[in-house]
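Biologist: I am new to this structure and would like to go through it with you. Could you show it to me, please?

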Amino acid sequence: MSKVALITGVTGQDGSYLAELLLNKGYVVHGVVRRSSTFNRERIEHLYLDESIREQSFHLHYGDLTDSSSLNRIIEKSEPDEIYNLAAQSHVHVSFQMPEYTTETDAVGTLRILDGIKELGIKTKFYQASTSELFGKVQEIPQTETTPFYPRNPYANAKLFSYWTTVNYREAYNLFASNGILFNHESERRGESFVTRKITMGVARVLLGLQDRIILGNIDAKRDWGYAPEYCEGMWMMLQAAEPDDFVLATNETHTVREFIEEAFSVLGENIIWQGENENELGVLYSNGKTVVSIDKRYYRPTEVDLLIGNPEKAARILGWKPKTNFKQLVKLMTLSDYTKTKTISHL
Ligand code: NAP
Ligand code: F7E
């Protein structure tokens, strides 16, 4: 008998990679999708369009993390062995503008699923998409599973509630429920308003003459960036462990947004020189003096997370999980992917 998995957030970056991984392992995969006025399934279209996959092993259901009845119906109908709760309003800057909706989805949404599992009496393992944003104003460097949390935005506050609700349902009701505390992970499928993808698309468009410059916020923030498909494998590994637990997945390498910009331009043979300070700073091409990066305060956050770097030693020891793609490789694969795509589209 095939194992059955239910993924919330299946149309997102991680959901799409996880669906692929589980289908390749022979799982039947159910995914929760939201109704949208425009097409929102680009990342999973290739799976859905394959008739044999669609008919036998990949099933989509309309639902929403703000709607308990849809979630309970989907859990009851799909009878999953494993639930991966990846759905979230996942943009930190947006969470300052929509704190209540972010909390409804990212905090109460998790409770709705966990309580649904408990009340329906379904025997399933549960994965919660927790985040390095929990460390916020960091209390220790590098951050591990025992570093105290200090969230700095509505998104992280909501995820803090979900982290502890997952732990509480594990302890109170003996559920197999684990938190993956994942540091930033990116890919060719990363949402276009996150900084890495905004940069790689921007670099491609600027160098192909389709965009004047890339306009960014705080380029001195430091992040620990890894490659998303490897982190999705880590999620699956957490649910195959002997015991439910909480794990950091990270690369243990940190870089500024500025370094990401420099590296992305250098992949395409250009060097950047920085001129000016703070919001007047400009990034200029060494080759011809053209301004290609500028700063706009509208992208600053009311409270920033300045530095993240994670130590994934526990995941290596207990799960055998290790990151494979380093910073330079990640920047290269994202930049080349966006350059190739943009070039093809602009020549159509
Ligand atoms: P993403 O690309 O933004 O995907 C989010 C997914 O959630 C999308 O499928 C979205 O659907 C869905 N969603 C949003 N609100 C929903 C709602 N109210 N009801 C049902 N579905 C909803 O995020 P990601 O990068 O794949 O991240 C996956 C999860 O890991 C998220 O929970 C995120 O907070 C967490 N996380 C991400 C990172 C990272 O670096 N990527 C690190 C740590 C934790 P639509 O497609 O319809 O919008
Ligand atoms: O910002 C700075 C910004 O939005 C990274 C989510 O997946 O990872 C992600 O959250 C840094 C921040 O990701 C722009 O201020 C500068 O310091 O790409 P980001 P994030 O906030 O780290 C965590 C682990 C999650 O859990 C989240 O779901 O880049 N930055 N200029 C900018 N950021 C954006 N988005 N846009 C800019 O123009």
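Predicted model: local features only at pLDDT ≥ 70, side-chain atom pairs only at ≥ 80, totals over all residues.

Biologist: Which residues come nearest to ligand 1?

Modeller: They are Thr-11, Asp-14, Arg-34, Ser-90 and Tyr-155, out of 25 residues around ligand 1. A residue is near a molecule if one of its heavy atoms lies within 4 Å of it.

Biologist: What lies 2.8 Å from an oxygen atom of ligand 1?

Modeller: A polar backbone atom of Asp-14 does. A polar contact is a pair of N or O atoms within 3.5 Å. The side chain of Asp-64 has an N or O atom 2.9 Å from a nitrogen atom of ligand 1, and a polar side-chain atom of Thr-105 is 3.5 Å from a nitrogen atom of this ligand.

Biologist: How much of ligand 1 does the protein bury?

Modeller: The protein buries 89% of the 910 Å² that ligand 1 exposes when taken alone. Such areas come from the Shrake-Rupley method with a 1.4 Å probe.

Biologist: Which elements give two or more residues to that shell?

Modeller: They are helix H1 (13-24), helix H6 (99-120), strand S5 (125-131) and helix H7 (154-173). S5 supplies the largest share, three residues. Helices (H or I, at least four residues) and strands (E, at least two) are DSSP runs, numbered from the N terminus.

Biologist: And the classes of residue in the shell around ligand 1?

Modeller: There are nine nonpolar, eleven polar and five charged residues. Asp, Glu, Lys and Arg count as charged, Ala, Val, Leu, Ile, Met, Phe, Trp, Tyr, Cys and Pro as nonpolar, and the others, Gly among them, as polar.

Biologist: Now ligand 2. Which residues come nearest to it?

Modeller: Of the 22 residues around ligand 2, these are Ser-90, Thr-131, Tyr-155, Arg-301 and Glu-304. An oxygen atom of ligand 2 is 2.9 Å from a polar side-chain atom of Asn-184, and an oxygen atom of the ligand lies 2.8 Å from a backbone N or O atom of Val-195. Taken alone, ligand 2 exposes 710 Å², of which the protein buries 95%. The shell around ligand 2 has eight nonpolar, eight polar and six charged residues.

Biologist: A change of topic: how many cavities of 30 Å³ or more does the structure hold?

Modeller: It holds one. A cavity is a set of points, on a 1 Å grid over the protein atoms alone, where a 1.4 Å probe fits but cannot get out, and lining residues have an atom within 4 Å of a point. The largest cavity has about 30 Å³ of space, and its lining includes Leu-6, Val-32 and Ile-113.

Biologist: Which element gives the most to that lining?

Modeller: H4 does, with three residues.

Biologist: Lastly, which residues of helix H10 are buried?

Modeller: In H10 (residues 257-267), Val-257, Arg-258, Phe-260, Ile-261, Glu-263, Ala-264 and Phe-265 are buried, meaning under 20% relative accessible area with a 1.4 Å probe and protein chains only. Just after H10, Gly-269 has a positive phi of about 80 degrees.

Definitions and conventions:
Residues numbered from 1 in each chain as written. Chains lettered and ligands numbered in written order. Heavy atoms only, no water. Polar contact = N/O pair within 3.5 Å; in protein donor to acceptor, adjacent residues only side chain to side chain. 1 Å grid on protein atoms, 1.4 Å probe; cavity = no way out; pocket = protein on both sides within 12 Å on 5 of 7 lines; lining within 4 Å. Points joined across faces, edges and corners; volume = space filled by probe spheres on them. Buried < 20%, exposed > 50% of the residue type's maximum accessible area, 1.4 Å probe, protein only.
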